[in-house]
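Open the model in your viewer and keep the sequence panel beside it. Each stop below says what to select and what is there.

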Amino acid sequence: MDNIEKAIRDIDRSMDGWEQRAPISFEEFLKVFSEKPKMVVRNVFHLFHDMIKGYLKEGRDEYPNDPESIHYVYYDCRKLFIEESDHPFFADRLFANRLVALVDALMRGAQQNKIYIFEGPHGSGKSTFLNNLLTKIEKYANQEENARYEVIWRLSRLQMGTFANHEVNSFLDKLSRLLDEYELEQGQILEAKSSIFAGEYVEVPCPSHDNPLIIVPRQHRRRFFEDLLINNDFKRKLFTKKQYEWIFRNNPCTICSSLYQALLDRVGSPAEVLKMVYARPYRFNRRLGEGISVFTPGDKTLQQFVMTNEMLQGRINALLRDSNAVKYFFSSYAKTNNGIYALMDIKSNNVDRLIELHNIISEGVHKVEDLEENVNSLFLAVMNPEDKKDAQLFQSFADRIEYIKISYVLDLNTEVEIYRNVFGGHVEAAFLPRVLHNFARVIIASRLNLKSEAMEQWIDDPSRYRLYCDENLQLLKMEIYTGFIPPWLSEEDRKKLTAKMRRKIIAESENEGDQGFSGRDSIKIFNEFYSTYARKDKLINMADLRAFCTQVYPEIAGSVPDGFLDSLLRMYDYTVLQEVKESLYYYNEEQISREIRNYIFAVNFEPGTTVVCRFTGDRLDIGEPFFEAIEYRILGKGSEPDKRFAFRRTTQKEYAATTLTREIMAEGKDVTETRLFGDLHERYIHNLKEKALDPFLENENFRRAIKDFDREVFKTYDKKIRSDVAFLIGNLCNRFHYTKNGAKEVCIYVIDNNLAQKFANPREQAEN
């Protein structure tokens, strides 16, 4: 028994005071409004925006100083769709940016009723997305710090003067005489009297969840807010921004409007009427249909369309002594006014519901018998592409429907995250680095269109990149979808990747991801791949992936373009070669920085002059030998004179137009912090690394030392080789997350396949 009492006491103590908070008076509500006006003056569109932004935070732009950036950034969606979710939804970078664009658009203009339909193929996770979204918005809306308020009227019996005690007592005396045969006791008579009085006031909740601020008559609101709020930035926004127009435009529901007018007629003072207005938190409860209502295609439509509360209606009539002053009835749409109304797939009964929404979405009002009911809700739906015809039943409806694409995942990082989530984070340890991502690339290739008009306009000759990309440029497109610009692109093609071109490439994703392997398919295929090749003594490599796609599961090879797997292997070869070079490379950062600073300064002077560099203090003899030495390191040893001269001129123009005038003089940056310095530094390092492996390729002892690393025999090699091999393996493990065995395996792979020779001068090959 003690345990039972303790358990009950713990539950009692754990109850949050916020959950039990009583309604507050209109005056107390105005104090809350004055203290945090931005939180109180929020309709459901504001709430939706703030919830999404609150969970996603700021996006991460990998290229923040890129002048051609289109702000296609990475958003961490784990808190919104994965954490605390029974069935996680994985939003790729494309969808996350679409979702943020949607909520930003909601805040830029005056909100009008629309239905936002998330459209995508079977197996793309639409229903999971909507369920998780609604769960998070319900949780967010019910937190104290995010509270919005709704109207609840407290009609004072004493103030209305509707009670006459002698009338009640006379009635009870007559009633008791009639019921003598039931032996009604004195206590029961007193209880009956108390029930008739029913407290000091009649409590009338607003079924439409109106914000208490709109009870103030519309014609007086501007003056009301002018007097109430201090002059600050929020007050300026309230009176000028379209996102707040609703607070001046919206009328209260017919119940609140008629109550206000009836009470005003009785008490004669708006201030006295407002004393009967109370506010309580607007709590969402999906299970009860309050604030959030979700309908599946199998849910039957309501037979009783008009809802009421006969007991409350009787009390209102008795209090006002008029049965026609206030009609307390409403429709089911009122329960989600200023909330969310969602359709889970537009088919069967949900087609009828969509048709019923036509007038509501178009006009924002709805007839309940002879009354007009305001409905300002956030309407959401998910839909399969083949059901789109049902949403087009009304041509006038079309401009009030906005489609948001949910495709199969097209961002390879997100695809890999799905495998980690389903099979456990340890799954990646069974693969050599990049092999798991390459499996994801194969799956995504089946979902992309074969031809891309945007990519063809950008890269006029794909064969230049045959060493590390496929002829259809799908591998390159995947990198762009992931937000990454590959370093193997030529300078010319990087310049052609303008903001306009980037938007065109990203826009093509709206017509991709409807075909190929679905999310469910990819998990099943990965499970078979992993089960087939995972071993304790061997990491899964590219040879395993190729064998699986062509022999074990040949449907994969038939679902991707011809030659794609060969191109994927070449890209892998190029990538691991760069990792080995990066890991083997030593460099003197101070010397490189000094040479680049001298070059930036020197391009502003004619050959034959001698100057002192303002950035280093070095005395520079400006001439062709000076430029040639540095430009070979930046552009590569085989650079032609014309190409070097053109590069020099371009560098000088950027220095004069941007680096000096804007970044150094206006923004106060050091020259090493400028974009020009960063670009030159990246090129310089890249070309130095190209030769990093050359001295070791002819040394057979180097290869053997790699195989013997971490074994006793490794100690027999000379000190220089031991130092180089340890440096190489250590960097591969620390920088690129290889295990020691994986690092050894990839080094031997690079040497035995002669990848350094295969990709000799890759930048030149790309440009020739």
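Ala, Val, Leu, Ile, Met, Phe, Trp, Tyr, Cys and Pro count here as nonpolar, Asp, Glu, Lys and Arg as charged, and the others, Gly among them, as polar. Keep in mind that this is a predicted model.

**Stop 1: the cavities**

Rolling a probe the size of a water molecule over the atoms shows where empty space is left. A search of the whole structure gives 3 cavities of 30 Å³ or more. Begin with the largest cavity, whose volume is about 180 Å³. Select Tyr63, Tyr72, Gly483, Ile485 and Arg502: of the 16 lining residues, these are the closest to its centre. What kinds of residue make up the lining of the largest cavity? There are 8 nonpolar, 3 polar and 5 charged residues in it.

Move on to the second largest cavity, with a volume of about 70 Å³. Its lining includes Pro207, Cys253, Phe329 and Val368. Which elements give two or more residues to this lining? They are α14 (254-267), β8 (329-331) and β11 (371-374). Colour β11 to see the element that gives the most, with 4 residues. By kind, the lining of the second largest cavity divides into 7 nonpolar, 3 polar and 2 charged residues.

**Stop 2: strand β5**

Select residues 277-281, which form strand β5. Why is this strand largely enclosed by the rest of the structure? Because 4 of its 5 residues are buried, where buried means under 20% relative accessible area.

Strand β1 (residues 24-25) runs antiparallel to β5 and is joined to it by 2 bridges. Show Ser25 and find Tyr278 of β5 opposite. Strand β3 (residues 149-156) also pairs with β5 in the antiparallel sense, over 5 bridges. Here Val151 stands opposite Ala279 in β5.

**Stop 3**

In soluble globular proteins, nonpolar side chains tend to be buried together. In this model the largest nonpolar core has 93 residues, and Phe431, Trp458 and Phe526 touch the most other members. Helix α27 (residues 564-584) gives the most to this core, with 10 residues.

Centre the view on Trp458. Which residues is Trp458 in contact with, leaving aside its neighbours within four places in sequence? They are Leu476, Ile480, Leu489, Asp493, Lys496, Leu497, Met501 and Ile505.

Terms used:
Residues numbered from 1 in each chain as written. Predicted model: local features only at pLDDT ≥ 70, side-chain atom pairs only at ≥ 80, totals over all residues. Heavy atoms only, no water. 1 Å grid on protein atoms, 1.4 Å probe; cavity = no way out; pocket = protein on both sides within 12 Å on 5 of 7 lines; lining within 4 Å. Points joined across faces, edges and corners; volume = space filled by probe spheres on them. Buried < 20%, exposed > 50% of the residue type's maximum accessible area, 1.4 Å probe, protein only. Pairing = 2+ DSSP bridges. Core = buried A, V, L, I, M, F, W, Y, C linked by side-chain atoms within 4.5 Å. Contact = heavy atoms within 4.5 Å.
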